[in-house]
Amino acid sequence: MIKSLAYSITFHSIMILLTVLSLPFMLREPIELPPIVSVELIQISDKTNIPYAPKARKIIKENKKKEEERVVSEQAPPAAKAKEKPDRIPLPNEKKEEKKIVKKKQNPEEIKPEIRQSSEFEKKEIIDTNQIAALIDKAKEVEAVQEKESNKITQSSKKNSFATGLTLSEEDALRAQIFGCWSVPLGLPYDQNLLVRIKLQLKKDGTIMKSEILDHERMNRPGQKFYKVLAESALRAVRLCQPLKVPPTGYDKWKDLQLNFNPTEMLKG
Amino acid sequence: MKKILYIFIINTLLSVKSYALIEIDITRGNLDPLPIAVSPLHVDIKSEEFENIKVRELGNKISQIIENNFKNTGLFNPLKKEAFVQKPDIAHLKPRFEDWRLIKAQALVTGKILVKNEKLKVEFRLWDLTAAQEMTALAFTTTPSNWRRVAHIISDKIYERLTGENGYFDTRIIYVAESGPKNQRVKKLAIMDQDGSNTKYLTLGNELVLTPRFNPTNQMVTYMSYFRNMPRVYLLDIETGTQEVVGNFPGMTFAPRFSPDGKKIIMSFAKEGNSDIYTMDLESRIVERITEHSSIDTSPSFSPDGKFIAFNSDRSGLQQIYVMRSDGTNVKRITFGKGIYGTPVWSPRGDLIAFTKMHKGRFFIGVMRTDGTGERLLTENYYQEAPSWSPNGRVLVFYRETKAGTKGEGFSAKLWSIDITGYNERRLSTKTDASDPSWSSLLSK
């Protein structure tokens, strides 16, 4: 009886311990400073959020000394949140297309920006400094509301930086690198819903161990010539880019990576 | 029991650190043309000489035509041959991908030629260098004198494989060749390959010829000519050279064009002083009136499905573009911009209409969607008009005239082409001045 009770207690305590350890917000990892910003990164920056990244970095350093909670309340003014909304709601004539694209993505949270945002603010206390940097960037980005293209990108980067461990600048470095390698096949029609998702398994040095097109059976279907061309160009881009500019640490976070290639914006020109 | 426990604990510990999959959206890339290496085709040593064709040089010549075609698209960047490390004979069998990657090529074309028993056999392979694999391989057999067309067909196949679109290299352009002083122009019907070679004149130049247009389904051409000052519509079979008069039409007749099935022609002519749109069945020669309006309706063009017609009309005051059903009902104005719009031409892909626009004394060639939205002006100049689509709906050819002095000096008319993205404007080389181009469909389907 006592023996089994002892078992029970040890197991339960192990389970509790494991749960506590595995909850993401309990993991207080050392703050990873963003890697050195590459040249491509700066080129792209006009349209994304990079101009503010240095500031963000400065603030991260300051924040090390300060208490996290206070910084959050300072740096994420509610005004920014209010302003954010209009650019998340697509214009009526663009609505159709955006919906289509969203459908295909695997992250449903993109569809309900408001819900996700409120939860961000509830989590204030547990937000780490990288996320604060992201918030600051986000607030600044509001100014670029009109540019739809860049909006889309920043939206997804926000999504990612909260969902995972890659910081904005890490992600932007990676994205900028792939932008440079990808020769978009310009002959593709702009009015077809073309989205190629590639799943990568990476080695620690950023070279590719395995690459897989997620809907690859579509490639060989008749009438999907354009999809095939796009998928091949995406694969070429990824291979050309090797080794990918991945952060020096946190291999576990990025060893599996999914890239969504969507040329619609470019083809509409 | 304990062992199982340990395994259980270790397993749970290992699986603790799991992260959500990182997703990154790539919405932009570079617009640089794709670097492609076209290796000279290897000429088999068993090849025999054939008439006056220098078989030894054929491999080089074919690869040059392919290169030239690619360069003209603006989508590819053929790399310089001096940089090639591998010889054609070995490259054709098994390219060393690292060597080709070294010169920054992403695709490679290799091939082999054999001329034997008065037959030319051409094989080619397209390699994806980053993936290190073959993308496509084909072989053609034909008479050796057809080598130029083989080069174009190979270009088409590669273009199709790399862009997902049909090519447009194995095509021809018919145009009006002009010569002589401006007030006494001699106008002859001429035809050339899409790359400007093989020019042939189809008429002698005694009579004025105007607006040649290709049948979208075969190699027939319709054009207008003045016979004793009466406009006549002709049909010309380019393969056989036979010519026939479709009909004499009264007064001003304009711009006959084929229907997409090639069985009818559509045009405008003036009856009782009023210009309207008519179709004529080529078999039965029955003329059918499509529009009946007191305004001037001209320049009709069918949609590729044959269900709609785009045309010009001044019924709202200024000349604008209208779209109606092919029976003449449901007429809708689609252009509302400033200036005068003319010469609507429906893209073979069906998604766009090309047009000429005049505004403040300047001429523009542009495209818009078929409902009139998304107008994009591609090029502006002193005088230019008559856009004609490449068979894949990707490139427009048109003609441009320069301003002449008081005595007609400095005047020239040349053919130009432009991509529908507005990039890659280039002049087509013609032997004489040229106007009114019309692009054929693919010769080989």
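Me: In which order do the four strands of the open sheet in chain B come, and what is the sense of their pairing?

Reply: Strands (E, at least two residues) and helices (H or I, at least four) are DSSP runs numbered from the N terminus, and two strands pair if DSSP finds at least two bridges between them. Here the order is 19-20-21-22, with antiparallel pairing. As for labels, residues are numbered from 1 along each chain as its sequence is written, while chains are lettered from A and ligands numbered from 1 in the order in which they are written.

Me: Which strands stand at the edges of that sheet?

Reply: Strand 19 (297–302) and strand 22 (332–333) of chain B do; each has a single partner strand, so one side of each lacks a neighbour in the sheet. Further in, strand 20 (residues 308–313) and strand 21 (residues 320–325) of chain B run antiparallel and are joined by six bridges. If you want a landmark, look for B:Ser313 opposite B:Gln320 in strand 21 of chain B.

Me: Now a pairing across chains. What does strand 1 of chain B pair with?

Reply: With strand 3 (residues 256–261) of chain A, in the parallel sense and over five bridges. One pair to pick out is A:Phe261, whose bridge partner in strand 1 of chain B is B:Ile26.

Me: Are the faces of strand 1 of chain B covered or open?

Reply: The general idea first: in a regular strand, side chains alternate between the two faces of the sheet. Call a residue buried if 20 or more other C-beta atoms lie within 10 Å of its own, exposed if 12 or fewer, and partly exposed in between, with C-beta atoms placed from the backbone. In strand 1 of chain B both faces are covered, with B:Ile22, B:Ile24 and B:Ile26 buried on one side and B:Glu23 and B:Asp25 buried on the other. Five of the five residues in this strand (22–26) are buried, so the rest of the structure largely encloses it.

Me: How do helix 2 and helix 5 of chain B cross?

Reply: Two packed helices are described by the angle between their axes and the distance between the axes. For helix 2 (residues 55–73) and helix 5 (residues 147–163) of chain B, the axes come within 9 Å and cross at roughly 45 degrees. Their contact (C-beta atoms, placed from the backbone, within 7 Å) involves residues including B:Leu58, B:Ile62 and B:Phe70 of helix 2 and B:Trp147, B:Val150 and B:Ile154 of helix 5.

Me: Back to chain A: how far should I trust the details, and what is its mean pLDDT?

Reply: Where pLDDT is low, the predicted coordinates should not be read in detail. The mean for chain A is 65, and 46% of its residues reach 70 or more.

Me: Where in chain A is A:Phe179, and is it buried or exposed?

Reply: A:Phe179 belongs to helix 10 (residues 168–181) of chain A. With 21 C-beta neighbours inside 10 Å, A:Phe179 counts as buried. Its C-alpha atom lies 9.9 Å from that of A:Val238, 59 residues apart along the chain.

Methods:
Predicted model: local features only at pLDDT ≥ 70, side-chain atom pairs only at ≥ 80, totals over all residues. pLDDT = per-residue confidence, 0-100. Axes fitted to C-alpha atoms, helices over the stretch in contact; angles between N-to-C directions. Contact = placed C-beta atoms within 7 Å.
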